[in-house]
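Here are my notebook entries on one structure. Have the sequence and the model open beside you as you read.

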There are 2 protein chains.
Amino acid sequence: MSRARGSVTIDDVARHVGVAKGTVSRVLNNYTDISEPTRNRILKAVKELGYQPSANARNLKRGRQDTLGIVIPVGHGSGADPFLSEFIDGIARALDELGLDLLVTTAHSPGHMIETLQRLIARRKVDGFIVTRTEVDDPRIACLREHNFPFVAHGRTRDPSDFAWFDIDNVAAFAEGVRHIYSLGHERIGFIGAKLDLNFALQRRDGYRQGLEDLGVTHDPDLECLRDLSGKGGFEAAEALLSLPRPPTALLCATDALAIGAVQFCRKFGLKVGSDVTVIGYDGLPVGEYLDPPLTTFSQSAQEAGGRVARKLIDVLDGKDPKSLQALVKAVLIRRSSDGAPSMTPDSLSKLIRDRLNNQPHSGTKGE
Amino acid sequence: MSRARGSVTIDDVARHVGVAKGTVSRVLNNYTDISEPTRNRILKAVKELGYQPSANARNLKRGRQDTLGIVIPVGHGSGADPFLSEFIDGIARALDELGLDLLVTTAHSPGHMIETLQRLIARRKVDGFIVTRTEVDDPRIACLREHNFPFVAHGRTRDPSDFAWFDIDNVAAFAEGVRHIYSLGHERIGFIGAKLDLNFALQRRDGYRQGLEDLGVTHDPDLECLRDLSGKGGFEAAEALLSLPRPPTALLCATDALAIGAVQFCRKFGLKVGSDVTVIGYDGLPVGEYLDPPLTTFSQSAQEAGGRVARKLIDVLDGKDPKSLQALVKAVLIRRSSDGAPSMTPDSLSKLIRDRLNNQPHSGTKGE
DNA sequence: TTGACTTCCGAAATCGGTTTTGTGAAACTT
DNA sequence: AAGTTTCACAAAACCGATTTCGGAAGTCAA
């Protein structure tokens, strides 16, 4: 693997002009103690020879990489998170303006993730990390803290007080979701969520409860259902909730993926989404628009999030106090067509579903 | 931006053991001329001190970065390509096994892309490039060729003879698509494609024509419609084709995004997809499964493609002849439910559509 | 005993930059 | 006129590794 690129070095430039290489370096780094004529001669030579400093050599001396890192979890094999590609896009755009680059690695297990993190830190390939999808007790953050390595998180943790982060106000969003659904006339509102070790999953569940409490509606534990964060999980959760003796007429879902699965269940059993059952998601995925009916959801601009997170990390690297680099933003409800006033009471819905379940699936849609 | 990480260097290890640093380096690089006892003492110290060599210093000396680059186009602002995130995942997995990393940058215009490419080359931040979404005459490939810089392409170009690439046999796939649709009983088959400067767009169009020719069906230029590579483009194309005096009863689309738009148009005007109109996409996006009806499409595993492309690039870097690193694979048709025998002739379909267009949109689905 | 090989490892060169230190000449003091 | 500054740049040290070169000690043959 020898990859000699015979490119022009600072020595070539220095020789060409007849000065010391230090002088060339000073010109390129805008020192002021170089005379105008010399500066011009050097600049001219640099242009002629097409010289560009080696990032490597510069970084070695400076002890900096001009590169940020992100380790993305790729778990369960199936399909990468559509959110992430937009997120990365946002990061890359922000970094581009500053001449920084982004090193992307994937990790297929928690252990592998920490391992990768440590390798990148120890070999100093990056200056700082972006941590996505925080967990309530996040081992990555523990690791970075321990190494005293700069990072920023997209999402908080149990105790987010001492690091930089950017997050959506999940609690407020889900409380609003509940209020919105309630105002449409629904009495029984179900929640489809995910394992509570993911921080956003916990907060969204809390927001759901908060919303009920604000309205003075008593919380029925049966109406909360946690499943895998996937279409399949959403399908199963919808099945579980809608088979209840007194099913909810509305399903508030922690993510669009879950909501999509829930919609699929409804479709399969001939329940009209938006009237028989209201389904609301969260993420604002473009996909949602193409659903039938188009999915009502909370939007967060992944791209904007990426940009903001990147800029925060740069601020940390510039020495700003991480504690001062925390931001919480509101999600906004995008009403499309999957929500609406309930067409029937929980009891009649229950009867309908029981019929359908017994007589087997409804329409032509192929199985899951 | 001073980021001094006081980590342990090879000198620390050498001092700790009482040997020269060159000796430590030789041990770590598996030279054979170090006595067993010394080797063990050094290995022990390395472990104790938690030493990891600085990627930077090593790279400087070796003239290699152990990093591959990919510049992804992010054009039109809206939504990153879902294909890409899986593709990157595949690359990252392959690289992980070899201890290489992936540098990701985005480019928002062709000019910016070349600029970024040149910067990364000149500053030697990466050892080679992965080029995605090749154009028939690709300026990136011209640039890389000119610099004599190692790269691999996902997709071919007009003349792909002298570089490494991995591609899908688009011509064969689309010819097969036409045959499949024809065998269902369709006579008039439309094609929805994109600007022909993208290589795959050209090839898929050619495959469509090839398929018709193979069947002895005369090619009607009116049945080809090229639009933006997006849902909107697909919608417009479907509108244009289905408004024809003798409309096609099937639409073969160059990508899933286009197909999704086409399905949306059908839905809006109450045309039953899978019987009134057959729609077939290409990409095998997971989204397609959630469509109503689930989209019949050609699959390509983006993740696998990423892995194969990465391995090819590594072979190039290892000195293998790029010409020997070209691979063409077949796409496979995934039948879901958006294709079927036509429910009516082009003429009666035309009448139906004309009625619907005059009497305004059909069902409850909100506008695009 | 001596010359010729090995074996094992220290010393130094090197990669390509940045930064510190040093220096001759001009300019400015007093 | 002698001493002090300033200017503009050369020279050298340094970042942290890898790799080349060479030398001391030990081994072996003659």
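Which residue is the bridge partner of A:Leu102 in E2(B)? I looked it up and found B:Val104. This is a predicted model, in which local features need pLDDT of at least 70 and side-chain atom pairs count only at pLDDT 80 or more, while totals for chains, interfaces and linings use all residues. Residues are numbered from 1 along each chain as its sequence is written, and chains are lettered from A and ligands numbered from 1 in the order in which they are written.

Entry on the strands. I saw that E2(A) and E2(B), residues 101-107 of chain B, pair in the antiparallel sense over three bridges. Strands are DSSP runs of E with at least two residues, helices are runs of H or I with at least four, and both are numbered from the N terminus. Two strands pair if DSSP finds at least two bridges between them.

Entry on the chain contact. I noted 56 residues from chain A and 56 residues from chain B, where contact means C-beta atoms, placed from the backbone, within 7 Å. On the side of chain A that touches chain B, H5(A) gives the largest share, nine residues.

Entry on the helices. I found A:Asn56, A:Ala57, A:Asn59 and A:Leu60 of H4(A) meeting B:Asn56, B:Ala57, B:Asn59 and B:Leu60 of H4(B).

Entry on the DNA. I listed 25 residues around DNA strand C, and A:Ile10, A:Gly22, A:Ser25, A:Ala57 and B:Gly22 come nearest. A residue is near a strand if its C-beta atom, placed from the backbone, lies within 6 Å of it. Helices H2 (21-28) and H4 (55-62) of chain A and of chain B each supply at least two residues of this surface.

Key
Contact = placed C-beta atoms within 7 Å.
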